[in-house]
Amino acid sequence: MALYSIGKLIKEIRKRRHFSQTQLGGGMYDAAAISRIEAGKRVPNFSILRKILQGLGLNVMALNFFISEAEFKREQVAIEIRTSVAERNYDITDLLYKYEHCTKENMSSVERQFFLLFTGIKKVELEKASPETVLPLYEKALKLTLSDFSLSGVVTSTMLSLEEILLLNNIALEEWKIPSMQERALNRLYFLKDYFEHNAIDPIEKVRQYPIILANLANFEEDRQKFQKELDLAEQGISFCCKYGNTNGLCSLILNKGIALGYLKRHEEAKKYLRQALAMKVARGVDVSLYQKNIKNVLGYDFSDFLSQIM
């Protein structure tokens, strides 16, 4: 039985998906360097290999290959950082320092991008940094692998890694806070929605990230008072979550659906979905008092009795 080397696998999938070597290299490698990787004459750093495979829609953890001790140490810290942020613990200063200094080896461009991404997330969530402070940091991070990226430009790449997707999403969230940038932020998220729907993506990451993009878009459309669009996005996301048994973003999408239905004067349906969303948040230990206050102020629904029964 013939066995695939990493280089041979990359070459075959690249050709099957009609990418050039230049496209695959992005801002990291030129075509000649990719050619050497495909020929087995060069083994890329683990983080760069993961970026290449994610761009091709493959799950790097499903493949067997060698990883150096230094790369392994840094990857273990990266897992700690991702887990902490997923649990909404944004005090990751010590972990970021550990990530940067856990080995004597310099960080690769992809590792540096990861470091800047989560530094930006910490600044937004923990330090309440302004968009004007964080956006240049995110731009710098993206330029490490998408060399021609600029905040004022348009991304057209059909090969994005998870970190690049997260950066574009976070950039859109920061741009939305600035009225003059909201149209650009909206277009950025619709680009990501389209990317998830029409490009090869690691299925595990698609299940995790796609509903979040839809929930963020639904929030944008609610702010624009486009309530039918908010409803359509929420229903699309809920259907996706139910199909794949995913709860990531589901509560937010149900909340979006309830709010959109309320604005569209479909009150009984709205109350049903809002109760579901509030109950899910209570089950997760979330303080729902602010949600209840906003719902009452905006739509006039008072769920005080309902919440007192389930809390």
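Modeller: A helix here is a DSSP run of H or I with at least four residues, and helices are numbered from the N terminus. With that in hand, R88 sits in the loop between α5 (69-86) and α6 (93-101). Keep in mind that this is a predicted model.

Colleague: Okay, so is R88 buried or exposed?

Modeller: For that you need a cut-off: over 50% relative accessible area means exposed, and under 20% means buried. R88 has 66%, so it is exposed. Its backbone deserves a look too: phi is positive, about 65 degrees, although R88 is not a glycine.

Colleague: Where is Q225, and what is its phi?

Modeller: Q225 is in the loop between α11 (203-223) and α12. Its phi is also positive, about 65 degrees, and Q225 is not a glycine. With a relative accessibility of 61%, Q225 counts as exposed.

Colleague: Let's go to a helix. What does S84 touch, and how should I read a contact?

Modeller: A contact means heavy atoms within 4.5 Å. S84 belongs to helix α5, and it is buried, with a relative accessible area of 8%. Not counting residues up to four places away in sequence, S84 touches N89, I92 and L95.

Colleague: How do I describe two helices that pack, say α4 and α7?

Modeller: Two packed helices are described by the angle between their axes and the distance between the axes. For helix α4 (residues 46-55) and helix α7 (residues 109-125), the angle is about 85 degrees and the axes are 7 Å apart. An angle of 65 to 115 degrees counts as roughly perpendicular, and α4 and α7 are therefore roughly perpendicular to each other.

Colleague: Which residues of α4 and α7 meet?

Modeller: S47, I48 and K51 come from α4, and they meet S109, V110 and E111 of α7. The residues of this contact divide into two nonpolar, two polar and two charged.

Colleague: How many residues of α7 are buried?

Modeller: 13 of the 17, so α7 is largely enclosed by the rest of the structure. You can check its length as well: at 1.5 Å a residue, α7 should span 24 Å, and its end C-alpha atoms are 24 Å apart, which agrees.

Colleague: Which residues touch the most other members of the largest nonpolar core?

Modeller: In soluble globular proteins, nonpolar side chains tend to be buried together. The largest nonpolar core here has 76 residues, and those touching the most other members are I81, Y99, F118, Y138, F149 and L274. Leaving aside neighbours within four places in sequence, the contacts of Y138 include L116, L117, I121, L167 and I171. A second, separate core has 18 residues, among them L9, L49, I52 and L58.

Colleague: How far apart are A270 and L255 in sequence and in space?

Modeller: A270 and L255 are 15 residues apart in sequence and 9.1 Å apart in space, C-alpha to C-alpha. For G237 and S180, those values are 57 residues and 28 Å, again C-alpha to C-alpha.

How values were computed: Residues are numbered from 1 along each chain as its sequence is written. This is a predicted model: local features need pLDDT of at least 70, side-chain atom pairs count only at pLDDT 80 or more; totals for chains, interfaces and linings use all residues. Side-chain values use heavy atoms; hydrogens and water are left out. Axes are lines fitted to C-alpha atoms, for helices over the stretch in contact, and angles run from 0 to 180 degrees between N-to-C directions. Angles under 35 degrees count as roughly parallel, over 145 as roughly antiparallel, 65 to 115 as roughly perpendicular and the rest as oblique. Ala, Val, Leu, Ile, Met, Phe, Trp, Tyr, Cys and Pro count as nonpolar, Asp, Glu, Lys and Arg as charged, and the others, Gly among them, as polar. The expected span of a helix is 1.5 Å times one less than its number of residues. Buried means under 20% relative accessible area, exposed over 50%, partly exposed in between (1.4 Å probe, protein chains only). A nonpolar core is a set of buried Ala, Val, Leu, Ile, Met, Phe, Trp, Tyr and Cys residues joined through side-chain atoms within 4.5 Å.
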